[in-house]
Amino acid sequence: MVTVTTQTPPASPAPPVADRRPVDRTHHGDTFSDPYEWLRAKDDPEVIAHLEAENAYTDARTAHLAGLRERIFQEIKGRTLETDLSVPTRRGSWWYYGRTVEGSQYGIQCRAPLASPEDWTPPVLSADVPVPGEQVLLDANVEAEGHDFFSLGSFEVSNDGRTLLYGVDTEGDERYTVRVRDLETGTALQDEIPGTFAGATFSPDGRFIVYTTVDDAWRPDTVWLHELGTPVADDTRLFHEPDERYWVGAGFTHSDRYLMIELGSSVTSEEWLLDADDLRGTPRVVWPRREGVEYSSEHAVVDGEDVLYILHNDGALDFELVRVAASDPAGDRETVIAHESGRRLLGLSTFRDWAVTAYRREGLERLGMLDYATGAVREIAFDEPLYSAGLSGNPEWAPPMLRLGYGSYVTPGTVYDYVVATGELLLRKRQPVLGGYDASDYAQERVWATAADGTRVPVSLVWKRSFGAPATDGPRPLHLYGYGSYEHSIDPGFSVARLSLLDRGVVFAVAHVRGGGEMGRQWYEEGKLLHKRNTFTDFVDAARHLVDAGYTSPDRMVAEGGSAGGLLMGAVANLAPELFAGILAGVPFVDALTTILDPSLPLTVIEWDEWGDPLHDPDVYAYMKSYSPYENVREGVAYPRILAVTSLNDTRVLYVEPAKWVARLREVGADAMLKCEMVAGHGGVSGRYNSWKERAFELAWLLDVLGSADPE
């Protein structure tokens, strides 16, 4: 049995009270009076003062958890091998790898020369043994000096190994300055490109940099070509997309034969090709866009012919794979992998002699080797019933083996090399977990909850065996996580920080609700637009199942979600507050209707394909208003304890959304707190120690709510 202990917090200080300054918003004959919209004025000193008051209140309310926070931080730190090296990846004449050093916030990117051209076995590196011929490419700790925030959005070495480009963000707003360095001399080149989006890349010959920029709504809309050594003002605009629904990206095919310019909304895509040896030429479309048709293409050479393998959903809900001539993509299609309902094809990675396809079946992502000659797919098998696996760092065009990343809820992150000829998996490294971690001390399983409409919803669980089996040995404190948007799947993965919960008797669970992609494209379709409420009710039904089956009880369950999963948290708080003791909402999209009504805000127009267009469609407006958390805070309801975490410089979900939501919750008597990072973005603070401290803060609060905090 679990011994429940708790700490007695000091007398609560008075929370900040935001002024009510009502602003009416009228659409489709409906008027909503918003008392806290004034908090949107980010540069207003009064707004900053309010956010700082919220932080001071949260600090005071959680001061009694300082000792627990420090213990959790030290547990994360103590389980992590702080000075470590990644498994080297071969590219050209070099092995590339990363270093982490105890006491340093950021990683160090390095390389060392191959022993010979036939050398495909990565060297086994030791942190305390010098690496022969090692070159430090970029020490992010040096680059971050003098900045409270630091993030890399681009990092690439040219094919000839002579030049490095990297993109730096020091604000958290995801706008990067690209810089270039001569690796032979170590000197910075004059080329500096400000205001780029992530993902800048060299051309195969190393003469050019291809990059994208964003419009005022933070939408990547333009692809540019920069020739090294020339003024940025002279850069060539390769492509511009005026339609505000589409994001634009660009990258070279694995073969280096083409530059692929990719356009995508949530439901439609289009690609354009440019020959890599004629980058100032005229792009040609692969397939002209057609509303509702998504596709992606990869180049290969089969029997001496340039071909494109195209993954598409034209009449194929879970996608099919076809092959076409690269010279005539709109011509005859040869079906390579036919559509199969329930097997969601996710992607294809081409190599010289074969390809790797990723697909999802029975709630798990799979990998298969595709034979160019026969079209046969050989699945790569793994032993655990719940796991995640994917390609990881395979820059070479003709390798004899593939680098894979693998993990599960109980198996730390693992690096394998898969020998294509034999099917052998070579273990290269497993994430060290210090302190005597033994995977057999923990268990994972998947159970199924039944939604109100009869749909079976998968729920994954992991726990420490020494506390007994959940449901069998009595209700346990439980941490239930959910997301459920954009067809994004929450796949099994290991977490060092999570051990601080599991080792205190908490069960961790993931509700794989509709709107995600775990069960195929239909699973996503049933949780978006005018079906969005399924996401929320699935989560509630999963929670009820865990209570009814004896896994936990409402006073011992905390829910968590972030971003669109934060919208889920806000909706769940309104729908079923009685089911949870607490709700942790990270960068939460809780003022969804206000945001999606305003096309001038970042990402809004693009998001209409996911949520609907409430600005022009009264039915969408009414539907979104029925679930948007801010508008639906309820009077006379006993809300669970709520912690909302946000960042001032977040460009994806603006800080104002949780700030308004918390102010409104307080009006109805809810115990709600706001923690706003004043120098950070959507992903929170930067630097590993800062990130560990941030997570320790959240986990300490969560344990306190569960009544599982350590006695002082």
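Predicted model: local features only at pLDDT ≥ 70, side-chain atom pairs only at ≥ 80, totals over all residues.
## The four-stranded sheet

Four strands form an open sheet in the order β16-β17-β18-β19, and their pairing is antiparallel. The edges of the sheet are β16 (247-252) and β19 (284-285), each of which pairs on one side only. Strands of a sheet pair through backbone hydrogen bonds, in either a parallel or an antiparallel way.

Strand β16 is joined to β17 (residues 258-264) by six bridges, and these two strands run antiparallel. Glycine 249 has glutamate 262, in β17, as its bridge partner.

## Serine 269

Serine 269 belongs to strand β18, which covers residues 269-275. This serine counts as buried because its relative accessibility is 10%, and the cut-off for buried is under 20%.

A polar atom of the serine 269 side chain lies 2.6 Å from the backbone nitrogen of tyrosine 295. Beyond neighbours within four places in sequence, serine 269 is in contact with Leu263, Gly264, Arg289, Val293, Glu294 and Tyr295.

## The nonpolar cores

The largest nonpolar core has 133 residues. Those touching the most other members are Leu402, Leu461, Leu478, Leu480, Phe539, Phe580 and Tyr639. Helix α12 (residues 688-706) contributes the largest share of this core, with 11 residues.

## Leucine 402

Leucine 402 is one of the residues that touch the most other members of the largest core. Leaving out neighbours within four places in sequence, its contacts are Phe351, Trp354, Val356, Met369, Leu391, Asn394, Tyr416, Asp417, Tyr418 and Val420.

Key. Residues numbered from 1 in each chain as written. Heavy atoms only, no water. Pairing = 2+ DSSP bridges. Core = buried A, V, L, I, M, F, W, Y, C linked by side-chain atoms within 4.5 Å. Buried < 20%, exposed > 50% of the residue type's maximum accessible area, 1.4 Å probe, protein only. Contact = heavy atoms within 4.5 Å. Polar contact = N/O pair within 3.5 Å; in protein donor to acceptor, adjacent residues only side chain to side chain.
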